[in-house]
Amino acid sequence: MTERAVSFAGRSVALSWDDPAAAGFLDLLCTDLWAAHRSEPAGSLRLLRTDHDTYLLADGHTLLHRGPLDVTMAAQLYDAVLFRLLAGQESGLALHAGAVVRDGRVLLLPGQSGSGKSTLTAWLTSRGCSYLTDELVLVPAEGELQTLACTRPLCLKHGAAPIARDLLPPGQSVALEDDQGLILPHRTLNPAFSPTTQAPALILFPTYRPGAPLEGEPLSGARASALLMTCNVNGRNLVGHGFPLVARIARTVPAVRLVYGSFQGLDELLDRWLTTLPQP
């Protein structure tokens, strides 16, 4: 049995496995989350082989999932890990959001599942942005605003698979795909990876609507606060359910509601928005 820990925002979850295929699967999913040093322990999970293509994901004696090492298993494992990392997390506001760095500025992309944030994050990464995450960001409650990104591979729904394949450089392929979705390591789209904790410079609330024209609507602090609260993952752990920190972010960082049906014209629109911001 081999054990390593994944870490995010000062907490860690121990993962153990007993099989080389499981080791490769976990390395695919956790390359940027493996902890050099153990943080505050937040639980442990085991991935155990039962026969040639079936594995058990377990927490102690509790079975969480049984099946092959596929996209569904990856989703179950991420859900279990993130639940444990965020349980009791009181050091900051956890947001369901993507994040990339464009021209030295962090773009935050909050959104619910199905909003198109992961697809947009993938496209931005393929256009030279430095990837941070497509899933989870924590903004610490104390001190200056920072972006702590939970960096995992891009996880896209099955319907976005054709778009994802079009973004791949020649000769590259997705790492894992089935009828539930696909897993795409961010270095496949952009090998340059520069982690950062700098504050977000612009918040984009994406909505994908097939065939819709490209629209960008600047948002007031009040509207941005309301939308951020819908992406608040750990509000129950925070004072005021996290609203004071949400309001601080919305007052400090400009926000735009983005509707897109394709990527045509998006580069130019982003550049126009970025020119209105202070130099990094």
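# Sheet, helices and pockets

Visitor: How do I read the open sheet here, and what order do its strands have?

Guide: Strands pair if DSSP finds at least two bridges between them. In this case the open sheet has 3 strands in the order β11-β13-β12, with antiparallel pairing. Its edge strands, each pairing on one side only, are β11 (154-157) and β12 (176-178). From one strand to the next, the twist averages 10 degrees. This is a predicted model, where local features need pLDDT of at least 70, side-chain atom pairs count only at pLDDT 80 or more, and totals for chains, interfaces and linings use all residues. Residues are numbered from 1 along each chain as its sequence is written, and side-chain values use heavy atoms, leaving out hydrogens and water.

Visitor: How many bridges join β11 to β13?

Guide: There are 4 bridges between β11 and β13 (residues 181-184), and the two run antiparallel. Look for Leu 156, which stands opposite Leu 182 in β13. The names come from DSSP runs numbered from the N terminus: helices are H or I, at least four residues, and strands are E, at least two.

Visitor: At what angle do helices α3 and α8 cross?

Guide: Axes are lines fitted to C-alpha atoms, for helices over the stretch in contact, with angles from 0 to 180 degrees between N-to-C directions. The axes of α3 (residues 117-126) and α8 (residues 266-275) come within 12 Å and cross at roughly 85 degrees. That makes α3 roughly perpendicular to α8 (65 to 115 degrees).

Visitor: Which residues of α3 and α8 meet?

Guide: Leu 120, Trp 123 and Leu 124 of α3 meet Leu 266, Asp 267 and Leu 270 of α8 (heavy atoms within 4.5 Å). By class, this contact has 5 nonpolar, no polar and 1 charged residues. Ala, Val, Leu, Ile, Met, Phe, Trp, Tyr, Cys and Pro count as nonpolar, Asp, Glu, Lys and Arg as charged, and the others, Gly among them, as polar.

Visitor: What lines the largest pocket?

Guide: A pocket is an open set of points on a 1 Å grid over the protein atoms alone, where a 1.4 Å probe fits, with protein on both sides within 12 Å along at least five of seven lines; lining residues have an atom within 4 Å of a point. The largest pocket is lined by 39 residues, and His 96, Ser 113, Glu 135, Arg 152 and Lys 157 lie nearest its centre. Helix α2 gives the most to this lining, with 9 residues. By class, the lining has 17 nonpolar, 15 polar and 7 charged residues.

Note on methods:
Parallel < 35°, antiparallel > 145°, perpendicular 65-115°, else oblique.
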